[in-house]
Amino acid sequence: MKRRIKAALLCSSAVTGLFLASTVPATAQSYCSVASEPGLSLGCARTLVDASLLLGLNPANRLINPIIGSHDGLVFDSDWIANSARGGHLRFGGNVSFTRGLNSSWANTYFGSARTDGGRTALEITAYDIPTENTVPSNTVVELQFDRLTLENTAVTLRDGASDDGAHTGQISYLLIGDGAVGRGGVLALRNASLTFEDSTDLFMAAPDGGTPVIRAETGDNLLQLGNQSTNLNRLSVVVDDGANLTFDGTAITPRTEGNLTVGSGANLVIENNSVLGLLSNVGSSLPQSTVNGGTVTVDGLSSELRLTAPVFNNSTVSLEDGGKLRIEQRNGVRSTLSFSGDNTLNFGSPEAAVLGADANPQALILEVGAGTTTITNTGGVNNLGRGLQVDQVRIDGGTLDTTGYSVRDDVTDAWQYLSVENGGTFYDRAAFYRNIDRLIVDGGTLLTNSSFGDFLGAADGIETARFTNSTIDLVSSSSAGSASGNVSVGLRSVVLNAENLAFAGTNQVRVGISPAGECVAGICTPGTTIYAGELVANVGGSSTSTLTGFDTVLFVPFAIDANAVAADYIAGGNNGIYTVARADYNPDLTVNVQGFDAGPQAPTVASLAAAGSDIPANLIYAIVNNPVTDDQVDIAFIDVGLINNPLITTGYTHSTTTTIVTEPTTGNISTITVTVVPDPTTTGAVQTTTVVVTEPGGAVISTETVNVPLDPATGTTNTTNVAGLITGSGGTITHGGATGIGTLHPEIYASYMTVALEHSDQRRNMVLLNARGMGVADGKAEGFTDDGRRFWIDTAISAGNVDSDGNLAGFDYNLGELILGADLWSSPEGRIGAYVGYGTYSMDEHTSAIASDLSSTAFHLGAYGAYDVDDWSLTGMAGMSWAQTDGTRTAITGSGANTHNANYSSRTIEAAVRAEYNGWQPLGAFSFAPEFGLGYAHYSQDGFTETGASSSALNIYDTSAESLVASIGLNFSGPEFGGGLIPIGFARYEHDFLASSQRTHSIDASFASTPGVSQSFVGTHRGPDSLSVGLGLRAAPGSAWDVSAGLVYTVNTYGEEFGGGIRVSWNF
């Protein structure tokens, strides 16, 4: 390192060589003008060297000579080198080390181009012994050391040097980035760049104070072709920034101590062409955990491998192509964890591709899946032996692991020893056989599967512990793919648990398909092979301590396999009306200490089937018609209990009894099933009693089982009852799951909206009456209207309110807005007559019985008003008409789906009101008070319309109307003038709507668009009969042609409240 540095930049006009000047695009500016880094003073190599070349001096000496000045770094313009140097070469005649005083400017070295076309300017760095006049070139070995090396829009190749005649002249033996004692810490930064070692250059990287050097791809597409560097580095972090790409091609880097990887959002890391990137560490490492956050990692090639310790992939993609491997282990070979969170894809693109643990035990690997969905596929076909996902533990916590697109050999599933699905997690697989699982834990999770777990064949002793707590086993939604698929529908298959110990706790569901007609295995129908229901098969035993417990926490939830099956089909179908949904002791390899069911499963209710989303007809429930404990199986039969006691539909329970009889086909035993619902007046709930009496063909009673289940209070409404009648009357069917959304199927929202239209009319009547007199409230008797002449006035108001739920009708929010223009057409000393026009809006943006509902209207008004004073009374009146156009959106929930419907219709309101104010009270000091009495009427009518959207749930609404008749009594006041001409004004008013005490005031008739001949009546919520309003405002003192007032109003209604405000201006003419 003591040799004098002979870094040389030789200019030549020759066009020979690999890189020609004509192939390099011209750039608008020099890289020296764009390269910068905060806190660093960078020197431009071109300006520092050019003069020395003209003098024939050694440019390296000139470059680093302290006389020129010391810099924090050097910037080399790659285009200048490619176009000016000898064949695009940068030649070093001696070592460079930034740690030497005269070399310190090399600490932060940049090779870059200002080009913007996405390409890279190519240049070569070589070692070359610069001959003097009396010498010939000799072989030179050069070492280059930078603290931080940045390559931007540049393709750099380090290669052996050669003279003009091709003679070997030197080599770059080492590229050292960073130093263990000084500097900021070794960094190789790539910005749309490549670095290639053509020959045998060794890469060393270090950072002071035990830090970690970094290879960082910052922007663009980046390539490293470095050869075998597997033992040269002690520590390393590889970082691919957001949106950047980094490819290791033919490169092997495996730090001796520890390493980590970070791949950002939209970034890509590619390991290809026999590259190995090993960034391992041990538990407790000081380095951050390897993470891929929104990026893609591709390992391509049979000998290409990425080795990581406990990496976390978040919303990312891992693609293993042509035999590429992802190996997960700690540096000491101890088991590690591969973790996924968010939505991820792991794909095996070839049979040789693999995810493995340590070499010594490749299946010692834990797969963890967090929130989101992680999908595993093998688009390259079934993996070869020992390849694919080689893990022995799978832990799913809050997320979904989807392996339905992952077809594997038995060695992959045989390796699984532990599977847990917890905290809302889901395991969604294709049918497989997990023979060697010792622990199966499902706690608050779901198995979407028709697989087999555990085995008793040969030395296998079943699952040591299988535990299900608040879990779901879903056969209906499982995948149709897999080795046990057969030709039957997925819901009719089985999930098999072969276990030493099986325990259920909490509340568990098993979702099974039901086919009244049945299906045949592999399409071959032979006696006794027809399948009518999916099954849970629990084979438990094999040990002196074996137990099967908690089966009474299991609820079987039936789902329809035949979408066209009706209630009668379920009752008459199956095996003489019987469906087997569970079996125990069904494995011939299990012969020791065999355990049966410890109890029968839960008895269903309409509410429990609805909550579970069952899609069989809602008028059906089932009963268990055998003794599961003694029979080692669960047989069910369906009973039609009607909709009268469906708690989601009816407003209250009714005493009912339903009886069904089924005959067991093998024994001939007869099961008589009686379901009785008895209302409980003390709780508004009920008790469901199911009694099953099993008798021999001769009539002798074999057994009697009675199960009592308390029913929660019914939550249906008049409208849900009516829409259920509309559905069944139209020939449709309500399913249990569909009943949960039945409140979105009826048109209550349109009936309720008539209340908003009437509120809009009430607001308008009050505004016109207030302006009819032309003075503020409680102003006393007018002494001749003609004293002030006629007026032109404008009044605006906005309000927001809500109507609360009323009994079994839903509540809603609404908004009102008005702009009214009026003018006096005639006046006399006793009164005046005028006319008004107006524009208004009203809307409903939330309705608790509808999902994503929205109704809005625009209205235009026309009318007349009048005022008359007699003695101490001031009388006002108005009459008018309003025309409105309404647009609406309603979302109907139909089972697991939703239909969006749009509506457009016209309506009209005819309205009139009178009010009398008594002005004979004497003022109290500076305050004046005047009582008032009023009566207002509105008749609203709307045209019929048909919603757009799916006809199965679109509604046909018939012409309808609604009325209000409101009497009012109130007190107006005004106060003393203050603030230079402001008068406080206000009122308190009580209103009673004589027509609002009946729900059917706002009633509409409707049918489904698909069956317009069958209709039902529906009602909507109203504000209630009573309301109390309080208003406060300010009025400009009289004395000019202008009269201005503004105020706020708060109203409490029987079933809600309203708040608003307005401003009015009048001008005398």
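## Close-up views of a predicted model

The side chain of Asn232 makes a polar contact with the side chain of Gln229, at 2.7 Å. This and every other value below comes from a predicted model.

**View 1. Asn232 sits in a loop between two strands.** The loop runs between strand S18 (227–228) and strand S19 (235–240). Besides Gln229, the Asn232 side chain has a polar contact with the side chain of Asp202, at 3.5 Å. Is Asn232 buried or exposed? Asn232 counts as buried because its relative accessibility is 13%, and the cut-off for buried is under 20%. Beyond its neighbours within four places in sequence, Asn232 is in contact with Asp202, Leu203, Phe204 and Arg256.

**View 2. The whole chain, for orientation.** The chain has 1069 residues, and 54% of them are buried. Its secondary structure comprises 10 helices and 76 strands. Consider contacts between residues at least 6 apart in sequence: 70% of them join residues at least 24 apart.

**View 3. Ala310 and Asn423 have positive phi values.** Most residues other than glycine have a negative phi. Phi of Ala310 is near 45°. Ala310 lies in the loop between strand S27 (305–308) and strand S28 (312–314). Phi of Asn423 is near 55°. Asn423 also has a loop position, between strand S39 (418–422) and strand S40 (426–429). With a relative accessible area of 56%, Asn423 is exposed, because exposed means over 50%.

**View 4. The largest pocket has a volume of about 860 Å³.** Its lining has 29 residues, and the closest to the pocket centre are Thr530, Ile531, Glu535, Arg583 and Tyr586. Which strands each supply at least two lining residues? They are strand S47 (494–499), strand S50 (530–533), strand S51 (535–540), strand S54 (579–584) and strand S56 (633–640). S50 gives the largest share, 4 residues. By class, the lining of this pocket has 12 nonpolar, 12 polar and 5 charged residues.

**View 5. Helix H8 spans residues 718–729.** The helix has 12 residues. From first C-alpha to last, H8 reaches 16 Å, close to the 16 Å expected at 1.5 Å a residue. At its start, a side-chain oxygen of Thr717 comes to within 3.2 Å of the backbone nitrogen of Asn719. After the helix comes Gly731, with a positive phi near 85°.

View 6. Which residues of H8 are buried? They are Asn719, Thr720, Asn722, Val723, Ala724, Leu726 and Ile727. An α-helix has 3.6 residues a turn, so residues three or four places apart point the same way.

**View 7. The largest cavity has a volume of about 910 Å³.** In this cavity, 50 residues form the lining, and Asn766, Leu770, Phe987, Arg989 and Val1049 lie nearest the centre. Elements giving two or more residues to the lining include H10, strand S61 (791–803), strand S65 (873–894) and strand S66 (897–918). Also among them are strand S71 (982–993), strand S74 (1026–1036), strand S75 (1042–1053) and strand S76 (1056–1068). Which element provides the largest share of this lining? H10 does, with 8 residues.

**View 8. Pro931 is found in strand S67.** The strand covers residues 928–942. Pro931 counts as buried because its relative accessibility is 10%. What does Pro931 touch, not counting residues up to four places away in sequence? The list is Ala916, Glu917, Tyr918, Trp921, Gly970 and Leu971. The C-alpha atoms of Pro931 and Ala988 are separated by 9.5 Å. Along the chain, Pro931 and Ala988 are 57 residues apart.

Terms used
Residues numbered from 1 in each chain as written. Predicted model: local features only at pLDDT ≥ 70, side-chain atom pairs only at ≥ 80, totals over all residues. Heavy atoms only, no water. Buried < 20%, exposed > 50% of the residue type's maximum accessible area, 1.4 Å probe, protein only. 1 Å grid on protein atoms, 1.4 Å probe; cavity = no way out; pocket = protein on both sides within 12 Å on 5 of 7 lines; lining within 4 Å. Points joined across faces, edges and corners; volume = space filled by probe spheres on them. Nonpolar A, V, L, I, M, F, W, Y, C, P; charged D, E, K, R; others polar. Expected span 1.5 Å × (residues − 1). Polar contact = N/O pair within 3.5 Å; in protein donor to acceptor, adjacent residues only side chain to side chain. Contact = heavy atoms within 4.5 Å.
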